[in-house]
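Trainee: Can we go through this structure together? I would like to start with the overall layout and then look at details.

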Amino acid sequence: MALLDGDNAMGHLVMHRAAELAIESDDWVANRPLSEARLRDEGIVVLGIQRPGGNYLGAPDGGTRILPGDTLILYGRGGAIEELDQRTSSVRGDREHEEAVVEQRRVVEREVAKERTPAERRDAR
């Protein structure tokens with residue numbers, strides 16, 4: 001998978017960005033349906049898929065299979081996208097996915113905690 005592009009579009013939080021990932025045959029997500037890849041659990045949203053023949057699938061559903069040669073248009077935490085970019089199809093890749101899911105849960109918990117009022121923080125203890 002090759003990270004092609006990324007920026008902080010439209011003033012979004014610096015830790016989130018849009019990116020394109022070119023899918024290769026040995027990538028962890030290659031030949032998987034989106035529902036099996038569970039990228040949302042890692043905090044990554046697939047906005048669209050550009051197929052090699054020029055066909056673009058906007059807002060693909062869980063049944064859409066990610067194929068070698070596809071370019072995924074993603075939005076998510078920069079670190080999560082970069083980790084996905086390095087992940088290969090292997091048992092290790094499966095383990096890295098599970099670790100990324102746990103990390104995303106931690107990120108969400110920290111963000112929710114920041115939004116609590118002082119009284120809510122006291123009650124949470």
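Mentor: We will go through the fold, the strand pairing, some loop residues and a pocket.

Trainee: Fine. What should I know before reading any values?

Mentor: This is a predicted model, in which local features need pLDDT of at least 70 and side-chain atom pairs count only at pLDDT 80 or more, while totals for chains, interfaces and linings use all residues. Residues are numbered from 1 along each chain as its sequence is written, and side-chain values use heavy atoms, with hydrogens and water left out.

Trainee: How many helices and strands does the protein chain have?

Mentor: The protein chain has four helices and seven strands. Helices (H or I, at least four residues) and strands (E, at least two) are DSSP runs, numbered from the N terminus. Read from the N terminus, the order is β-β-β-α-β-β-β-β-α-α-α.

Trainee: And how much of the protein chain is buried?

Mentor: Of the 125 residues in the protein chain, 35% are buried. Buried means under 20% relative accessible area, exposed means over 50%, and partly exposed is in between (1.4 Å probe, protein chains only). The protein chain exposes about 7,400 Å², and carbon and sulfur atoms supply 50% of that area. Accessible areas come from the Shrake-Rupley method with a 1.4 Å probe; for residues, only the protein chains shown count as cover.

Trainee: On to the strands. Which way do β4 and β7 pair?

Mentor: β4 (residues 44–50) and β7 (residues 71–77) pair in the antiparallel sense, over six bridges. Two strands pair if DSSP finds at least two bridges between them. Two places to look are I49, which stands opposite L72 in β7, and G48, which stands opposite I73 in β7.

Trainee: How many bridges join β2 to β7?

Mentor: Seven bridges join β2 to β7, and these strands run antiparallel. R17 has G76 in β7 as its bridge partner.

Trainee: Is β7 mostly covered or exposed?

Mentor: Mostly covered: six of the seven residues in β7 are buried.

Trainee: Back to β4. How is it joined to β5?

Mentor: β4 and β5 (residues 56–58) run antiparallel and are joined by three bridges. Q50 stands opposite Y56 in β5. The hairpin of β4 and β5 has five residues between the strands, and G54 in that hairpin takes a positive phi near 105°.

Trainee: Which residues other than glycine have a positive phi?

Mentor: N31 is one of them, with phi near 65°, and R38 is another, with phi near 50°. N31 is found in the loop between β2 and β3, and R38 lies in the loop between α1 (34–37) and β4.

Trainee: Why does R38 count as partly exposed?

Mentor: Because its relative accessibility is 30%. N31 is also partly exposed, because its relative accessible area is 41%.

Trainee: What about V29, buried or exposed?

Mentor: V29 is buried, because its relative accessible area is 0%. V29 is found in the loop between β2 (16–22) and β3 (32–33). V29 and D85 are 56 residues apart in sequence and 9.7 Å apart in space, C-alpha to C-alpha.

Trainee: And where is G62?

Mentor: In the loop between β5 and β6 (65–66). G62 is partly exposed, with a relative accessible area of 31%. Leaving aside neighbours within four places in sequence, G62 is in contact with P33, L34 and S35.

Trainee: Last topic, the largest pocket. What lines it?

Mentor: Its lining is L34, R38, L39, R40, I44, V45, V46, P60, D61 and G62. On a 1 Å grid over the protein atoms alone, a pocket is an open set of points where a 1.4 Å probe fits, with protein on both sides within 12 Å along at least five of seven lines; lining residues have an atom within 4 Å of a point. The largest share of the lining, three residues, comes from β4.

Conventions:
Contact means heavy atoms within 4.5 Å.
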